[in-house]
Amino acid sequence: SVIATQTIQTLTSVKQELKDDDASKGGNLLPVNVSNQLISEPFATNPLRQMETISTVTNLILPRIAFDVADDDFIKDGEIAKEMDLKTDKVTFGRNEMKVRAGISDTVLLGSDAGLVEYVNNALSSALQLKERKLQLGTSNPAGLEHMSFYDTTTVKIKSVSGKDLFHAIRKAIADLDDAFQDNAQVLMTRSDYYDMLDSLANNSATLYQAQPESVLGVPVKFTSAATTSVVGDFSFAQLNYEINSSLYEQYKDYQKGMNYFQLTAWFDHQIKLASAFRLAKVDGAGK
């Protein structure tokens, strides 16, 4: 009939306007439902947060204090004493501005009742932890931020200890620490280095692979891919400080891309309070 023909023509024109075709079987005409489960990459973590001192104090200054033992035979020539003499009598935390951001598309922001607030907070925290880790274990930090890294050779200058393989290098590094630091010593290294070390120690035995890292090395072990050289020491003598009251949250939009950005500006500093509390474990074929 004429009415049926007109109805079919109208539906065809609507489908064409909405970019629907026979392949979708009308799928493009159905309402879109955005799931409340967001798919995102895993959030990054910084293992140093579990090892170091973390503070949120504005304009933080830590005094250094040294002491002499009342003994005529005592000679003040240890590494710790020398470091205390060379450095100032206080550790001053600076205000280094860092910006991180998380983006959410219009589709997700407008079409989902998902936990976006939790997602944004986790994403910003993840970005900050990546920024921290990058500076704390950086081999070429920007000018003025070199002191943040355990690998800094200009101001921090952590002593390197070598061994014939990584296992012996780490064990020698632990033994090279002052007794007071050995009690709280930990190792920060990559999983790749750890597994390579096990390969050389296991000698085709599966028993060692089942052992906890602490039982293999004698001290607690933390892993991160950023630790290109294994760091050994008492990590309580490194500190990360945020000026939490200065944190600035902002939101802006890229209209062309349809992305909504949430940005956090934070001010923080990382100080290695005593370089003598740490050692860098390096492999040297000549080491014994």
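## Basis

This is a predicted model, in which local features need pLDDT of at least 70 and side-chain atom pairs count only at pLDDT 80 or more, while totals for chains, interfaces and linings use all residues. Residues are numbered from 1 along each chain as its sequence is written, and side-chain values use heavy atoms, with hydrogens and water left out.

## Nonpolar cores

A nonpolar core is a set of buried Ala, Val, Leu, Ile, Met, Phe, Trp, Tyr and Cys residues joined through side-chain atoms within 4.5 Å. Buried means under 20% relative accessible area, exposed over 50%, and partly exposed in between (1.4 Å probe, protein chains only). The largest such core has 41 residues, of which Leu137, Phe150, Ile170, Met189, Val231 and Phe278 touch the most other members. Elements giving two or more residues to this core include α5 (166-176), β6 (186-189), α7 (191-202) and β12 (278-283). Helices (H or I, at least four residues) and strands (E, at least two) are DSSP runs, numbered from the N terminus. The largest share, six residues, comes from α5.

Leaving aside residues up to four places away in sequence, Leu137 is in contact (heavy atoms within 4.5 Å) with residues including Leu48, Phe150, Leu188 and Val231. A second, separate core of 18 residues includes Val100, Leu116, Leu135 and Met148.

## Positive phi in loops

Asn59, in the loop between β1 (53-55) and β2 (61-63), is not a glycine but has a positive phi, near 55°. Asn59 is exposed, at 54% relative accessible area.

Lys157 lies in the loop between α4 (116-136) and β5 (159-163). The phi of Lys157, also a non-glycine residue, is positive at about 55°, and Lys157 is exposed, with a relative accessible area of 56%.
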